[in-house]
Amino acid sequence: MKDNKPISGFSKLSKTQKIDWLVQQLKLNTETANFLADFESKNQDAQAVIADLSENHLSNFHFPFCIAPNFLVNGDYLVFPFVTEESSVVAALGKAAGFWANRGGFHAEIIGTEKKGQLHFSWTGDPEKLKNHFAQVEERLRKDTASITQKMEKRGGGINTIQLKYLPEILPNYYQLDVSFETRDAMGANFINSSLEQFGKSLKLWFSEQKDWAAEERDAEIIMAILSNYVPDSRVRVWVECPVEQLAETSDVASAKRFAEKFVQAVHISRNDVSRAVTQNKGIFNGVDALALATGNDFRAIEAGGHAFAARNGKYAGLSEARIENGDFRFSMELSLAVGVVGGVTALHPMARLAMQILEQPSAEELMQYLAVAGLASNWSAVRALVTTGIQQGHMKMHLSNILNTLKATDEQKASARLYFDKREVSFSEVEQFLKNDAGN
Ligand code: MEV
């Protein structure tokens with residue numbers, strides 16, 4: 001940045017002014033405005049929706065929107081939509097879907113759907129006194145949030161429990177209201193946060209109304225009110241299983257047994273070694289995030305909660321489990337996550353809406369199951385490759401496409417490069433050299 005001073009009022013500029021400022025400031029190509037315009041949707045309604053999702057919008061940033069058919073989940077065949085920038089993730093997901101469709105498919109069940117939020121506050125009175133008055137406080141909180149909860153209650157949701165926690169080990173005089181919610185098909189962030197903020201106002205007022213209490217007891221400081229993305233009680237279990245010999249793609253039963261044993265060992269390592277656990281879970285979230293993104297769900301919330309869930313026993317561990325029992329191979333996972341299928345980006349973003357149609361308009365519980373299936377499928381393919389061919393073989397094929405595109409190879413050059421590199425090591429310099437030689441011929 002040549003002009004070393006801040007700009008004020010940037011957000012108030014029009015889009016054209018923002019682009020002009022950027023081009024001038026960073027001495028960008030004068031074609032930048034056209035370049036940015038090229039990435040906008042021709043569909044004006046869709047473009048307006050996308051532009052309004054965020055602030056200081058200049059254009060759109062495209063990621064591939066992909067599908068993988070043959071996901072057999074609880075007996076039904078589904079097509080899964082995915083959005084990811086990572087080569088070979090969708091190919092791996094599609095392969096896992098096809099493999100398990102011939103072996104009973106994926107099984108999934110909901111363990112719970114409870115979400116959490118907290119009101120954090122400090123109060124200098126006697127903790128016992130507050131505990132003794134808490135039934136009264138709770139009644140007031142529920143009464144004051146009635147207008148917020150009414151609609152949610154009609155849909156079968158609402159505020160479940162409100163727990164008072166005194167936690168002086170975190171801060172002197174510090175308390176939490178630890179609140180659990182049911183939000184049905186909504187992710188519920190607005191509902192939870194509005195309820196908690198109202199709790200904060202009502203609680204402060206309630207303290208001020210205790211006329212016979214000492215002056216300092218009549219005041220509480222509300223620190224903050226916010227949902228928690230740690231949702232261990234909003235949880236799904238997913239698994240695949242088959243006799244070990246059916247893991248063989250040929251009739252080589254001995255190799256199927258060896259494969260199953262190595263697979264179980266690899267998963268065991270991820271349950272006991274943090275460095276491997278993080279990578280194992282990254283592979284799981286390759287699938288989860290790609291489906292979450294396609295359906296307009298908040299993948300940062302899902303990831304943050306998922307990683308915390310992976311550390312629920314005090315040590316970060318791989319989320320999946322694998323075992324061989326009585327000749328059967330079973331690969332499973334429990335995943336905690338909160339998702340919505342109504343409201344938010346899911347209902348707004350035209351591509352997310354299409355993704356929901358492709359998934360045949362699932363409920364939030366169904367979508368939770370599909371996300372976990374995508375995670376397990378992605379993990380299956382990654383670990384399978386790791387304990388057999390290694391991960392690079394598949395990756396490099398996809399990587400080759402990216403390199404060819406970067407080097408602007410023609411369709412003809414791409415075809416001959418794919419043949420040439422079929423059994424050779426792919427690297428940027430090797431591909432570059434190949435194209436140069438090809439051009440010289
Ligand atoms: C790459 O995106 C994901 C893997 O590293 C996952 C794993 O190691 O299990 C292949």
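## Strand pairing around β8

Helices (H or I, at least four residues) and strands (E, at least two) are DSSP runs, numbered from the N terminus. This is a predicted model, in which local features need pLDDT of at least 70, side-chain atom pairs count only at pLDDT 80 or more, and totals for chains, interfaces and linings use all residues. Residues are numbered from 1 along each chain as its sequence is written.

Nine bridges link β8 to strand β10 (residues 328-336), and the two run antiparallel. Strand β3 (residues 107-113) is also antiparallel to β8 (residues 234-243), joined by six bridges. Here His107 finds its bridge partner in Trp239 of β8.

## The whole sheet

Put together, four strands make an open sheet in the order β3-β8-β10-β9, with antiparallel pairing. Two strands pair if DSSP finds at least two bridges between them. At the edges sit β3 and β9 (320-325), each pairing on one side only. From one strand to the next, the twist averages 15°, with axes fitted as lines to C-alpha atoms and angles running from 0 to 180 degrees between N-to-C directions.

## Around the ligand

Now to the ligand: the residues around it include Glu86, Thr279, Gln280, Lys282 and Ile391. A residue is near a molecule if its C-beta atom, placed from the backbone, lies within 6 Å of it. Two or more residues of this shell come from each of α10 (274-294) and α14 (364-387), and α10 gives the most, with five.
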